[in-house]
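Please read the points with the coordinates open.

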Amino acid sequence: MDLPVAPPAFDATTGPKRRRRADRGVDIGAGCGLVFSELVALGVIVGLWFLSGFNLDSAKTVAFDSWWNYLAAVGGVGVLALAAAAIAGWAGAVVTVVSQVVMATLMCVIVFGGVEVQSHQDQRCRDMPSSVGCQEDS
């Protein structure tokens, strides 16, 4: 007859401590939820930028807004991703840590790429204010 084996009530081993990990299902759910919410935030930021240069009046020429404020918002989402990765690392949620580090890396690429593109656009507008995409201050 097989008797059930209960876990020890007190483990007095002196070796390395057992690492506490988060439940794998909760870990995957939290990682997927955070990635989804960050992608929605990126979509909203890019959508607001797109709507800044959208106008139904065909007689009016509208240029898109500068990327600087939108890049700051993307950077803020990246900082939140890093904070979530740090908290998940403390809780032992490996999947969430990896997903948040990937999202923070994506945010860094978007921010640094956007800074380069916007700096180039600003320089072009300083050199030739009448070029395409430059707003004329009237």
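The numbered points below go from the overall fold to single residues.

1. The model is a predicted one. Its secondary structure consists of 3 helices and 0 strands, and the order along the sequence is α-α-α. The protein has 138 residues, of which 22% count as buried.

2. Helix 2 against helix 3. Helix 2 covers residues 68–91, and helix 3 covers residues 94–127. The axes of this pair lie 8 Å apart, and the packing angle is about 160°. Helix 2 is therefore roughly antiparallel to helix 3, since angles over 145 degrees are put in that class. The crossing of helix 2 and helix 3 is left-handed.

3. Helix 1 against helix 3. Helix 1 runs over residues 24–52. Its axis comes within 7 Å of the axis of helix 3, with a crossing angle of roughly 15°. Because the limit for roughly parallel is an angle under 35 degrees, helix 1 and helix 3 are described as roughly parallel to each other. Their crossing is right-handed.

4. Salt bridge. How many salt bridges does a search of the whole structure find? The search returns 1. A salt bridge joins the side chains of Asp27 and Arg24, with an N to O distance of 4.0 Å. For anyone checking the pair, the cut-off is a nitrogen within 4 Å of a carboxyl oxygen. In general, side chains of opposite charge can pair when their charged atoms come close.

5. Setting of that pair. Both Asp27 and Arg24 belong to helix 1, and they are 3 residues apart, about one turn of the helix. Are the two partners buried or exposed? Asp27 counts as buried because its relative accessibility is 2%, and the limit for that class is under 20%. Arg24 has a relative accessible area of 41% and is therefore partly exposed.

6. Contacts across the sequence at Arg24. The C-alpha atoms of Arg24 and Ala93 are 7.6 Å apart in space, while the two residues are 69 apart in sequence. Arg24 and Gly92 are 68 residues apart along the chain, and their C-alpha atoms are separated by 9.9 Å. Gly92 sits in the loop between helix 2 and helix 3. With 8% relative accessibility, Gly92 counts as buried.

7. Ala30 and Val95. Ala30 is another residue of helix 1. Ala30 and Val95 are separated by 65 residues in sequence and by 8.7 Å in space, C-alpha to C-alpha. The relative accessibility of Ala30 is 34%, so Ala30 counts as partly exposed.

8. Nonpolar surface patch. Which residues make the nonpolar surface patch? Phe36, Val40, Val44, Leu48, Phe50, Leu51, Phe54, Leu56 and Phe64 do, and the patch comes to about 940 Å². One of these residues, Phe54, is found in the loop between helix 1 and helix 2. Phe54 has a relative accessible area of 46%, so it is classed as partly exposed. That value also passes the patch criterion, because residues need over 30% relative accessible area to be included.

Note on methods:
Residues are numbered from 1 along each chain as its sequence is written. This is a predicted model: local features need pLDDT of at least 70, side-chain atom pairs count only at pLDDT 80 or more; totals for chains, interfaces and linings use all residues. Side-chain values use heavy atoms; hydrogens and water are left out. Patches are made of residues with over 30% relative accessible area and no salt bridge: like charges are joined within 9 Å, nonpolar side chains (Val, Leu, Ile, Met, Phe, Trp, Tyr) within 5 Å. Accessible areas come from the Shrake-Rupley method with a 1.4 Å probe; for residues, only the protein chains shown count as cover. Helices (H or I, at least four residues) and strands (E, at least two) are DSSP runs, numbered from the N terminus. Buried means under 20% relative accessible area, exposed over 50%, partly exposed in between (1.4 Å probe, protein chains only). Axes are lines fitted to C-alpha atoms, for helices over the stretch in contact, and angles run from 0 to 180 degrees between N-to-C directions. Angles under 35 degrees count as roughly parallel, over 145 as roughly antiparallel, 65 to 115 as roughly perpendicular and the rest as oblique. A crossing is left-handed if the near helix is turned anticlockwise from the far one by less than a right angle, and right-handed if clockwise.
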